[in-house]
Amino acid sequence: MTAIPSISLTHPGSLIVAVFTPWIAAGIALLIGFFASYLTALSWADLTFVLPATAAGNVIVELLSKFWLHEAISFERWAGVVLITLGVSFVAQGPALTERPVSAAKGPLPDEAVASEGPPR
Amino acid sequence: MTISSSVAPLVIFTNPWLAAAAIGAVVLASTTGEVLTAAAMKSIGDLDLIRARSGLKGAIRAVVTSPLFFSGVFFLALAFFSLLFALNHLNLSLVAPASASLTLVTNAVAGKIFLKENVDRRRWGAAILVCIGVYLLAH
């Protein structure tokens, strides 16, 4: 983003141009794949479960940059990797979904009744 | 500190209140988007079950016909554009760690209040550990 001229609130159109920069466009394509998997996870697990769990991606990025790109990882970064791994293992030990009374259906969709009968995971 | 060695001169916010407002806007939009999206997916139901019953098309249809889902996506898009805006006016080394780590904590609070999720000690601990970890990685 810092390679693009400064964007100001008076010219919001320049934001749209930024979206079609090849690197940003490629990033968006991959983000769509992420989003589909993320939505599926959210459909059967709590937000406060999914969000810390997806932070494991940061650890993978860090390990890839160490062993594939041979980047130097500072002590601070290793500490971050350890903390995220600990946090993810913390949350993974608990239930993925908050237990609710069976009649707590809140959606207007007809699919709701059938869907909520599924086994909790 | 500055990484602005690129073509155009950047307007870097030096006022700490402006910087905080830009980051706050990202965090607020992102948290609202996450909560609305999570609520939408809960009201739609288990996507794996829907896919088993009515196929991939049925699952996609169930998602894209949910108004709640689009309100969530709207705020997530708003968060994305405000992140681009913030990155354009602030240093990456400030925006990335601040917004990524703050969002984890605000989402834990919002999940408890608005989604009535059972945020127990385990989840608070995870949110805080991951928050510090993400901050250290992105810093």
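What percentage of the 121 residues of chain A count as buried? I get 21%, with buried meaning 20 or more other C-beta atoms, placed from the backbone, within 10 Å of the residue's own.

Before going on, a note on the source: this is a predicted model, where local features need pLDDT of at least 70, side-chain atom pairs count only at pLDDT 80 or more, and totals for chains, interfaces and linings use all residues. Residues are numbered from 1 along each chain as its sequence is written, while chains are lettered from A and ligands numbered from 1 in the order in which they are written.

Secondary structure next. I find six helices and zero strands in chain A, taken as DSSP runs numbered from the N terminus (helices H or I, at least four residues; strands E, at least two). Along the sequence the pattern reads α-α-α-α-α-α.

Then I checked domains. Chain A splits into domain 1 (13–44) and domain 2 (46–96), with bounds from an automatic or database domain assignment. Their centres, taken over C-alpha atoms, are 21 Å apart.

Last, one helix pair. I see the axes of α4(A) (residues 56–67) and α5(A) (residues 75–93) come within 9 Å and cross at roughly 145 degrees; axes are lines fitted to C-alpha atoms over the stretch in contact, and angles run from 0 to 180 degrees between N-to-C directions. From α4(A), A56(A), N58(A), V59(A) and E62(A) meet R77(A), V81(A), I84(A), T85(A) and V88(A) of α5(A), contact meaning C-beta atoms, placed from the backbone, within 7 Å.

Terms used: Contact = placed C-beta atoms within 7 Å. Buried ≥ 20, exposed ≤ 12 C-beta atoms within 10 Å, placed from the backbone.
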